[in-house]
Amino acid sequence: MKIENLCVRRLIGDVAGATTHGHKMAVKGGYIYQTFQGGYTLSPLGWRVVRNIENIIRQEMDGIDGQEILMPVVSGADIWRESGRYDTVDVLAKFKGRSGTDYVLNPTHEEVVVDYVKSVLETYRQMPFMVYQIQTKFRDELRARAGLIRTREFIMKDAYSFHETQDDLELYYNRCHSAYERIFSRCGLKNVVSVLSSTGDMGGSVAHEFQLINDMGEDTIFLCECGFKTNKELIDEETETCPKCGKKMNKVRGIEIGNIFQLGKKYSESMNLTYTSPDGEQKNPIMGCYGIGVGRTMAAIMEESADDKGPIWNMATAPFAVEVIGLPDKEGKTLPLAEKIYNDLKSAGIETILDNRDARAGEKFADADLIAAPIRLIVSAKNLANNAIEVKYRVNDIDTSEYKTSFGLDTYMSETVDTILKLLGK
Ligand SMILES: [Zn+2]
């Protein structure tokens with residue numbers, strides 16, 4: 001990609017109307033564009049980051065034997081009436097088709113997935129299994145805030161597991177808990193905790209929220225030195241004492257980026273999902289469900305890591321791995337060389353962006369901070385005199401102070417590949 005063709009509007013100077021630092025940097029860097037209150041277009045930069053996060057999620061969900069599916073955004077009202085939630089979920093957006101059919105925009109997919117699994121599940125031998133999707137959802141929230149933190153339309157990974165016994169559900173729930181820890185860590189998030197939560201609208205018994213501890217969060221969470229962590233629903237907010245050890249808990253703000261629930265039989269009973277047990281009886285499976293806000297994870301990374309110059313990604317989430325910046329010289333050598341390096345990297349399958357525009361160096365560097373490729377190769381007359389190109393890093397949570405500050409003109413390909421692998425921890 002050449003920077004002049006990148007369909008992204010970056011802003012110089014201050015951004016008006018953004019409520020948090022991360023939101024400001026998402027707008028300044030042109031990662032998101034508000035199409036309506038609570039609905040955003042992801043720009044080529046934002047979409048690249050989101051797809052990278054999705055790929056991390058896919059790998060980890062497949063790693064715990066998840067099977068990816070795709071359910072529709074819209075469903076008929078009938079399955080929501082069947083589960084009993086048609087009139088009780090306040091964020092459910094309803095509309096009528098021209099033929100008079102009642103539809104909903106799914107804010108979550110328990111009803112749709114149970115309806116699907118009814119067509120598949122026959123015997124206990126098929127369980128356990130988990131299906132998941134990465135899909136758009138709509139919640140008719142009364143208020144929207146802070147960019148991608150609370151939106152009406154959003155991309156979510158939602159997963160549903162099916163079990164014969166509570167013990168089996170708990171085993172799988174713990175596997176999923178560990179997978180979530182790996183996902184958020186691979187995304188470069190540092191201060192994520194899982195807290196015990198109430199199951200709310202979802203029904204069921206045990207639930208955890210994955211919260212990024214951050215002052216910009218809209219949730220209040222309580223952490224105790226004994227290790228107990230919970231959200232405000234499960235403690236007495238007057239006294240703020242730990243239900244486990246009785247000490248006063250530490251109150252912090254959090255951004256909820258994921259949640260996992262032990263649903264029990266709420267949906268399998270209400271929607272009559274059954275299987276044949278070993279002794280020939282018809283039984284309802286026990287379910288778990290597991291969500292991650294994908295766009296919100298991107299927003300959370302920006303809240304936690306962006307500096308005053310722009311977002312900072314790690315190699316796994318960055319929109320581009322490398323930016324090649326050509327600084328024009330009098331002999332006309334630098335720009336063709338920058339273009340050659342760009343073409344070489346691109347041919348090797350490395351996500352690369354080229355800035356060969358006729359602009360001041362300071363302007364190009366400021367723009368590069370917004371695009372935030374972890375590796376920047378700078379082709380200037382000064383370094384060419386030493387048969388070298390300059391290397392700069394902008395990367396989340398890795399100390400690059402000992403990394404090379406220049407690559408050789410004959411060796412930049414292998415040096416770039418080595419550095420990418422190193423930044424990926426490989
Ligand atoms: Zn405690």
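**Figure 1. Burial and overall extent of the protein chain.** Of the 426 residues of the protein chain, 43% count as buried (a residue is buried if 20 or more other C-beta atoms lie within 10 Å of its own, exposed if 12 or fewer, and partly exposed in between, with C-beta atoms placed from the backbone). This is a predicted model, in which local features need pLDDT of at least 70 and side-chain atom pairs count only at pLDDT 80 or more, while totals for chains, interfaces and linings use all residues. Residues are numbered from 1 along each chain as its sequence is written. Along its principal axes, the C-alpha trace spans about 85 × 55 × 45 Å. The chain holds 11 helices and 21 strands (DSSP runs numbered from the N terminus, with helices being H or I of at least four residues and strands E of at least two). Among contacts between residues at least 6 apart in sequence, 69% join residues at least 24 apart (two residues are in contact if their C-beta atoms, placed from the backbone, lie within 7 Å).

Figure 2. Nine residues from domain 1 and nine residues from domain 2 make the contact. On the domain 1 side, the residues that touch domain 2 are two nonpolar, three polar and four charged (Ala, Val, Leu, Ile, Met, Phe, Trp, Tyr, Cys and Pro count as nonpolar, Asp, Glu, Lys and Arg as charged, and the others, Gly among them, as polar).

**Figure 3. Helix 1 and its packing partners.** Seven of the eight residues of helix 1 are buried, namely G22, H23, K24, M25, A26, V27 and K28. These buried residues pack against strand 1 (32–36), helix 7 and helix 9 (361–371). Just after helix 1, you will find G30 with a positive phi of about 70°.

**Figure 4. Helix 1 against helix 7.** Helix 1 (residues 21–28) packs on helix 7 (residues 294–305) at an angle of about 110°, with the axes 7 Å apart (axes are lines fitted to C-alpha atoms, for helices over the stretch in contact, and angles run from 0 to 180 degrees between N-to-C directions). The two helices are therefore roughly perpendicular, a label for angles of 65 to 115 degrees. Helix 1 brings H21, G22, M25 and A26 to the contact, and helix 7 brings A299, M302 and E303. By class, the contact residues are four nonpolar, two polar and one charged.

Figure 5. Strand 5 pairs with strand 6 (residues 102–105) over four bridges, and F95 stands opposite Y103 in strand 6.

**Figure 6. Strand 10 and its antiparallel partners.** Strand 10 (residues 207–213) is mostly covered, with six of its seven residues buried. Five bridges join it to strand 9 (residues 192–196) in the antiparallel sense, where V193 stands opposite Q211 in strand 10. Strand 10 is also antiparallel to strand 13 (residues 250–264), to which seven bridges join it. In that pairing, A207 stands opposite F261 in strand 13.

How values were computed: Two strands pair if DSSP finds at least two bridges between them. Angles under 35 degrees count as roughly parallel, over 145 as roughly antiparallel, 65 to 115 as roughly perpendicular and the rest as oblique.
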